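Dear colleague,

Please find below the structure that I am handing over to you. My notes on what was found in it follow directly after.

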Amino acid sequence: MKRLLLLFVLCCSLAVQAQQVENYVKKLGRPTRIVNDFADVLTPDQEAALEQKLVAYDDSTSNQIAVVTVDSLGDLAVDEVALQILRQWGVGGQANKDNGIVILAAIKDRRISIQTGYGMEGAVPDVTARNIIENDIVPAFRSGNYYRGFDEATSSIIRAAAGEYKAPVNYRQRGSGGISIGKIFIAIIIIFILLSIFSGGGGGGGYVSRRGYRGFGGPIFFPGSFGGGGGGGFGGGFG
């Protein structure tokens with residue numbers, strides 16, 4: 001009973017966090033542009049150049065890359081906000097293909113995330129997104145050149161979608177540096193299952209169905225969190 005109560009409390013806590021993420025994105029509005037520099041780190045000419053580049057790419061391929069900057073996310077996870085932007089804004093040239101990508105940078109927090117729709121996961125898997133952040137975005141951001149970071153990152157994504165992107169030979173895969181709400185929720189479910197299986201009790205133990213405890217997109221969904229917009233991605237930091 002205590003475990004059920006604890007699970008309920010934790011689920012409620014995660015639900016509150018997910019709602020906070022959704023509310024944050026709603027406050028941003030629903031822009032009609034692909035490049036949305038809410039943190040005002042790009043000049044008008046830089047923003048226009050990046051917009052023109054990404055609109056042309058969208059027109060020629062139907063793949064859509066959205067660039068978003070914000071000042072700060074507070075305690076919200078950058079990956080979750082990027083996923084919610086992907087979902088709420090409907091980023092993607094064609095809805096039935098879910099072929100959108102969001103690059104989100106929280107400037108004051110020094111956090112970055114690249115999140116992909118399901119239709120782009122094969123072209124830009126997590127390892128590629130991580131490599132683009134660490135090799136294209138972070139060095140440019142550290143020098144204060146935000147436009148160069150976004151320009152090089154979007155060019156790398158375009159090459160990856162065309163099957164032409166190659167990671168540097170000295171690149172070493174590292175951890176993502178963060179844990180998302182969804183991963184925490186799945187971990188809680190797994191722990192609860194293991195405790196139920198191995199605990200001794202008056203009833204001689206319990207039974208747990210083995211059908212479908214898996215990650216994002218599985219039969220267990222978090223209320224108000226992932227929906228039909230997000231696929232995979234990677235978040236990191238710069239400092």
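Just after helix H2, Ser62 takes a positive phi of about 75 degrees. This is a predicted model, in which local features need pLDDT of at least 70 and side-chain atom pairs count only at pLDDT 80 or more, while totals for chains, interfaces and linings use all residues. Residues are numbered from 1 along each chain as its sequence is written, and side-chain values use heavy atoms, with hydrogens and water left out.

Helices (H or I, at least four residues) and strands (E, at least two) are DSSP runs, numbered from the N terminus. The chain has six helices and five strands, and from the N terminus on they run in the order α-β-α-β-α-β-β-α-α-α-β. Of its 239 residues, 45% count as buried. Here buried means under 20% relative accessible area, exposed over 50%, and partly exposed in between (1.4 Å probe, protein chains only).

Helix H2 itself has 18 residues and reaches 26 Å from its first C-alpha to its last, close to the 26 Å expected at 1.5 Å a residue. The expected span is 1.5 Å times one less than the number of residues. The buried residues of H2 are Glu47, Leu50, Glu51, Leu54, Tyr57 and Asp58. Seen down the axis of H2, these buried residues fall within an arc of 130 degrees, so they line one face of the helix; the arc is that of the directions from the helix axis to the C-beta atoms. An α-helix has 3.6 residues a turn, so residues three or four places apart point the same way. On the face turned away from the buried side, H2 carries the exposed residues Asp45, Gln52, Asp59 and Ser60. The cover over the buried residues of H2 includes strand S1 (35–37), S2 and H5, where contact means heavy atoms within 4.5 Å.

Helix H5 (residues 146–161) is described in the same manner. Its buried residues are Tyr146, Gly149, Phe150, Ala153, Thr154, Ser156, Ile157 and Ala160. They cover an arc of only 160 degrees around the axis, which puts them on the same side of H5. Among the elements that cover them are helix H2 (44–61), strand S2 (64–70), strand S3 (100–106) and helix H4 (126–142). Just after H5, Gly163 takes a positive phi of about 75 degrees.

How many of the eleven residues of helix H3 (residues 78–88) are buried? Ten of them are, so H3 is largely enclosed by the rest of the structure. The buried residues include Val78, Leu83 and Gln88. H3 is followed by Gly90, whose phi is positive, near 65 degrees.

Lastly, I turn to the aromatic rings. Rings of Phe, Tyr and Trp (its six-membered ring) pair if their centres lie within 6.5 Å; planes under 30 degrees apart count as stacked, over 60 as edge-to-face and the rest as tilted. The count by this rule comes to three aromatic pairs. Phe38 and Trp89 form an edge-to-face pair, 6.5 Å centre to centre with 65 degrees between the planes. This pair links distant parts of the chain, with Phe38 in the loop between S1 and H2 and Trp89 in the loop between H3 and S3, 51 residues apart. Phe38 counts as partly exposed because its relative accessibility is 35%, whereas Trp89 is buried, with a relative accessible area of 11%. Phe141 and Tyr146 also form an edge-to-face pair, 4.8 Å centre to centre with 65 degrees between the planes.

Yours sincerely
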